[in-house]
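Please open the structure in your viewer and keep the sequence alongside. The stops below say what to select and what is there.

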Protein chains: 2
Amino acid sequence: MTGRDGDADLRPIGNSPVIVLVGPQLADNIGAVARAMANGGLFHLRLVAPRDGWPQPKAWRNASGAGRILDAATTHDTVADAIADLHRVLATCPRPRHVIKPVLTARGAAAELRAICARDLRTGVLFGPERAGLDNDDLAAADTLIRYPLNPAFMSLNLAQAVMVLAYEWWTAADETLPRTLMTNETRIATKGELENFLSHLIAELDACGFLRNLPKRPGMVRNIRHFFERGEVTEQELRTLHGVVTELARGRRSLGRDETTTDERKAQGGS
Amino acid sequence: MTGRDGDADLRPIGNSPVIVLVGPQLADNIGAVARAMANGGLFHLRLVAPRDGWPQPKAWRNASGAGRILDAATTHDTVADAIADLHRVLATCPRPRHVIKPVLTARGAAAELRAICARDLRTGVLFGPERAGLDNDDLAAADTLIRYPLNPAFMSLNLAQAVMVLAYEWWTAADETLPRTLMTNETRIATKGELENFLSHLIAELDACGFLRNLPKRPGMVRNIRHFFERGEVTEQELRTLHGVVTELARGRRSLGRDETTTDERKAQGGS
């Protein structure tokens, strides 16, 4: 209704949890929540008695392109109404007291939500108002609590940050990105043979220029050079660049505009 | 310098990464970054050429008690100056192009940062300006990139949200909270013997009131009841409550002010 043309074409991705904001106070935060949900592939948003009414244009402005989530959001007078059609409801609760309830970490919650959603059950997660958090009756309506492991000296989490962590964990729970890769773009990782080819080139030039002229020390110096170049994953493109670097350095310093250096210049630099 | 009395008594926790904001635009965001850092147990903040100068009171207002981090933050003219004393520098980069660089997930980065910090090396993580992200020279200054796994249809992450995810992963990488526990507070999980004791009480009362009078069906009905109560972890306190519920229900409906029900009333209710 207040959607804009610049909004991303967001839609539900599979069966994903409903985010239920209970008594949210600031429209800015509701917008930031929508953005965080979009980041993590969530779509369904329900608002229980937003303090300043609904809709509010500020929310759309602060959603930075995630307006479709706000367009589809529904409002409810009570938590009971907002969760009536759900099968499982989790509630975020930083410091639960006097409740007897299973407690999940954010990561544990994401794994369970993925498992429950895979069974075609409808799930939701309750987030309380910015200042007070959920009250005891709201907590009682949930079957499980979520408590993020965070610095106990500073547990106060902004509402959108709280949704961000859960949305991020939700996405990550189904993500198979390797924890470490090498981005090589157009090139590829060099083979040990290609690396050896470069090292032979380098060592031949270092022999020619006199850098390795101390024969008793030569094996150790060659190993030191080798240690450095063997350490990580070199790409084929980087090896070509390094071949060029060695070739050009070995030709010696040239004035711009001249094609060739003298033999004397080459000797002077190679030996330094 | 603009610190307030309400600020949390934050200080560095061990050897933790420096957060380097490169060209941050909004003081609000710098404050929100400090808050997110505090949530995840980070402390060291460096600002490279903040657009609107520094310090700015708005940042302290938006830090919600994490002002000590802003008090201790330093400003720098260049990335090179901000990272000169660090041994390893990672850079966040949602869509790296034309770079040959190791790429970590946020979780992979947190694990590596923990491992590097444990070796007493100083680490830092670069975050780019709100709109543009880091430029190619800044990326080249980093030894490793971090790319969060997020919804590819909506990768645009608010600056403070980006710091939140990393700070959360940093904290979580050293956290040993079990993914699922049962919060029992003053009570404890009941033993199977205690549960059996309650079930015997319940079944005896159900026999007495006639609920189980259909003898051929009785074993199946008892098992159904048993299935429900055996499903999860019941606490000792909950069993005491349930004992009371059964005892009181079995006594039958009473008018307020009268102590006893008649035998007829009891029979009528028990049999229904």
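In which loop of chain B is Pro55(B) found? Select it in this predicted model: Pro55(B) is in the loop between strand S2 (45–48) and helix H2 (57–62) of chain B. The peptide bond that joins Trp54(B) to Pro55(B) is cis, with omega about 0 degrees. Most peptide bonds are trans.

Stay in the loop between S2 and H2 of chain B and select Ala49(B). Ala49(B) is not a glycine, yet its phi is positive, about 50 degrees. With a relative accessible area of 43%, Ala49(B) is partly exposed.

Now go to chain A and select Trp54(A) and Pro55(A): the peptide bond between them is cis, with omega near 0 degrees. Pro55(A) sits in the loop between strand S2 (45–48) and helix H2 (57–62) of chain A.

Next, select Asp120(A), in the loop between helix H5 (106–118) and S6 of chain A. Asp120(A) has a positive phi of about 60 degrees and is not a glycine either. Its relative accessibility is 62%, so Asp120(A) counts as exposed.

The sheet comes next. Colour its eight strands in the order S3(A)-S2(A)-S1(A)-S6(A)-S4(A)-S7(A)-S5(A)-S8(B); the sheet is open and the pairing is mixed. From one strand to the next, the twist averages 30 degrees.

Zoom in on strand S5 (residues 101–104) of chain A, which runs antiparallel to S8(B) and is joined to S8(B) by four bridges. Val103(A) has Thr181(B) as its bridge partner in S8(B).

Finally, select helix H7 (residues 159–173) of chain A, which packs on the sheet and touches strands S1 (18–22), S6 (123–127) and S7 (144–146) of chain A. The direction of H7 makes about 150 degrees with that of S6(A).

Methods:
Residues numbered from 1 in each chain as written. Chains lettered and ligands numbered in written order. Predicted model: local features only at pLDDT ≥ 70, side-chain atom pairs only at ≥ 80, totals over all residues. Heavy atoms only, no water. Pairing = 2+ DSSP bridges. Helix = DSSP H or I, 4+ residues; strand = E, 2+ residues; numbered from the N terminus. Axes fitted to C-alpha atoms, helices over the stretch in contact; angles between N-to-C directions. Contact = heavy atoms within 4.5 Å. Buried < 20%, exposed > 50% of the residue type's maximum accessible area, 1.4 Å probe, protein only.
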